[in-house]
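Welcome, and thank you for taking a look at this structure.

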Amino acid sequence: MTAVVAAPAVPVTPAKKRRRRRDWRAIGAFAVLTGPVVLGLGLFKYVAIGWSFLLSFNDARGTITLGNWIGFGNYAFLLGDDAFLTSLSTIAIFTVFIVPITFIASLGLAVLINSIRRGRAFFRTVFLIPAAVSYVVAALVWKMALFNGLPSGVANVVGGLFGADPVPWLSTTSPPVYWVAVVSLRLWLQVGLYMILFLAGLQAISPSLYEAGELDGTTKWQAFRYLTLPQLRNTSVAVLLLILIAAFQAFDEFYNLFGTGLSGTATAPVKPPLVYLYDSALGDQNYGVGSAGAFLLTVLIVVITLLQGRFVGFGKKD
Amino acid sequence: MAVLPGYRKAPKYVFASVLSVIFLLPFYIMLRNALMTRQQVGSPDWSWLPDPLSWVNFGDLFADTSVPMAHSLGNSFLVAIVTAPVGTLFGSMAGYALARINVPGRRFVFTYVLVTLMIPQSVTFVPTFVVVGSMGGVNTEWGIIAPNLFSAFTVILFRNFYLRFPVELEEAGRLDGLGYLGVYRRLVLPNSGSMIASLGALMFIESWNAFLWPLVIGQDPSSWTAQIALSTFLTAQSVNLPALFAGALVTIAPLVAMFLVAQRFIVRGIAASGLKE
């Protein structure tokens, strides 16, 4: 792949020979083509993160300039702040619900769609189309129509069919039934995306494997357990990772369902870490604490990603 | 399998159909509520159909002076219509160079791009705010757009795509006297249509639906995107519910339309971006 640009079809002239030693035209073209991305990532990632890292050791209230060094003060504050620790347990609970449910549901949908012939494109579209909807709009529908707590709210209408009393879904904290709203919202929005990934994986499995299995008299379940699942291992690892990272970065639906600030509606005070960060960085204008929180969260996500690779990817070498 | 296909598969079709109804229900409710009167929405009784149809809500949506909905939709359009093509072009350019132009330092640039992938996107909103804020980007459209034009993910996907690109085309171009940039612009770019369409569509959806970053940087109503306007509407004290649902419909309409038209490319983009990570 590296020999490609040496243009082997061109007769070697002295000029070509010179160019091969230090090809300034290639270097120039490379610089022009990669320039925007290199500069953009440099400014908005490297400089931003470096600056923010320094800020995290500063008392930076209402300012983004450095100069008020306080060492690990911001980190100590966060680790001693109940609200921050609660936000971590909130996101842990959310992850425990959303990851397995989304994984199983998307795999199930993919297997279902893959096993039917007629109307496959139709069903695929129906399950994927919620992915076009933003979290804000979904939160609106969930908060104001499905789980609004009124007797005419869809969840309560369905519950009423079974004789249940209306439940104020988003403000009931014991038991914490608001999780039903939060988890179902994200499931509806995301399951189609992961279904597509599983579908791509399923379609890459050779049918001859199943034919061989059929000759050996395997049942449907055995075929799924011993052929499909192992063949989907790489896809499964990728999907798990994507669901997990996305769960840890939850912001939109929590912010809108449990409306901060202006909201007049009583809802459970549920704040995942990003909402906490938003409140400290943008609400209180405490950019030092906001930066420190960003780094704590980054470390946490990286550690969990690596751990997950350890456990799920164990013995993966194939 | 050839004998009784219909009977064997029937339960699956029933199951898939029931699920479809559940998946489409939120869309129906959006439509229903957008066409109801305020009294009907507030009524304790459930009704399937608004009667009469209350089209006035769409007018109310744009007449509400506290939420500049029309202006916010315009901002969303501007953000998405700039971010998607420019971001995709930057990704294609860098991806091509990284795949096909062999110069000293290429590996370094590749690693430089790759490392930024490891940092979770939304955690960087505080650092990015610090930089964009110091450059005077708060409450500006460019402040919303600029950081999202550079996607390491898009670069990596394009690089993988160009690694498998037929080399004959480039050789022919070079024989005709084109330089590296000429080959890229005249031959490579016009032949990357499907990849550009799939990643461009994904970028469009992403920037249209983005919430956290526009919320952070666009604090003044003049720089709100449609998502921010809706969110403000949602958390306002006295909310005009039917108008709010009308707003939701207006906001998702362009994307649903695009999804149905460009579905082939969007599906391919999702499949590529998920598996290559």
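Our first stop is B:Asn139, which is partly exposed because its relative accessible area is 30%. This residue sits in the loop between α6 (125-134) and α7 (141-145) of chain B. Its backbone deserves a look too: phi of B:Asn139 is near 65°, a positive value in a residue other than glycine. As background, most residues other than glycine have a negative phi. Please keep in mind throughout that this is a predicted model.

A:Gln285 has a positive phi of about 55° and is not a glycine. Its place is the loop between α13 (273-283) and α14 (287-312) of chain A. With a relative accessibility of 35%, A:Gln285 counts as partly exposed.

**The make-up of chain A**

Among the contacts in chain A with a separation of 6 or more, 69% are between residues 24 or more positions apart.

The UniProt record, an unreviewed entry, places the annotation "transmembrane region" on residues 26-49, 91-114, 121-142, 177-200, 232-251 and 287-307 of chain A. Two of these spans can be set beside the model. Residues 177-200 of chain A are 96% helix and 0% strand, and the end C-alpha atoms of this span lie 35 Å apart. Residues 287-307 of chain A are 100% helix and 0% strand, with end C-alpha atoms 30 Å apart.

Helix α14 of chain A holds A:Ala294. Is A:Ala294 buried or exposed? It counts as buried, because its relative accessibility is 2% and the cut-off for buried is under 20%. Leaving aside neighbours within four places in sequence, A:Ala294 is in contact with A:Leu277 and B:Val123. A:Ala294 and A:Ser56 are 238 residues apart in sequence, while their C-alpha atoms are 9.0 Å apart in space.

Over in chain B, B:Ser231 belongs to helix α13 (residues 226-234). B:Ser231 has a relative accessible area of 4% and is therefore buried. Which residues is B:Ser231 in contact with, leaving aside its neighbours within four places in sequence? They are A:Val136, A:Tyr255 and A:Asn256 from chain A, together with B:Phe211 from chain B.

**Charged pairs**

Side chains of opposite charge can pair when their charged atoms come close. A search of the whole structure finds 4 salt bridges over all chains. The table lists some of them.

| Nitrogen side | Oxygen side | N to O distance |
|---|---|---|
| A:Arg61 | A:Asp59 | 3.2 Å |
| A:Lys271 | A:Asp279 | 2.7 Å |
| B:Arg100 | B:Glu170 | 2.3 Å |

The surroundings of these residues are worth a look as well. A:Lys271 counts as partly exposed, with a relative accessibility of 38%.

In chain B, the side chains of B:Arg100 and B:Glu170 form a salt bridge. B:Arg100 lies in helix α4 (residues 69-100) and B:Glu170 in helix α9 (residues 167-175) of chain B, so the pair ties together parts that are 70 residues apart in sequence. Both B:Arg100 and B:Glu170 are buried.

**The second largest pocket**

Our last stop is an open space. The second largest pocket holds about 1,200 Å³, and 29 residues line it. Which residues lie nearest its centre? They are A:Ser115, A:Tyr210, A:Lys220, B:Lys9 and B:Lys12. The elements that give two or more residues to this lining are α4 (82-114), α8 (178-203), α9 (207-215) and α10 (220-231) of chain A, along with α1 (5-34) of chain B. Sorted by class, the lining has 13 nonpolar, 8 polar and 8 charged residues.

Terms used: Residues numbered from 1 in each chain as written. Chains lettered and ligands numbered in written order. Predicted model: local features only at pLDDT ≥ 70, side-chain atom pairs only at ≥ 80, totals over all residues. Heavy atoms only, no water. UniProt positions renumbered as here; feature names shortened; annotations may be inferred. Helix = DSSP H or I, 4+ residues; strand = E, 2+ residues; numbered from the N terminus. Buried < 20%, exposed > 50% of the residue type's maximum accessible area, 1.4 Å probe, protein only. 1 Å grid on protein atoms, 1.4 Å probe; cavity = no way out; pocket = protein on both sides within 12 Å on 5 of 7 lines; lining within 4 Å. Points joined across faces, edges and corners; volume = space filled by probe spheres on them. Nonpolar A, V, L, I, M, F, W, Y, C, P; charged D, E, K, R; others polar. Contact = heavy atoms within 4.5 Å.
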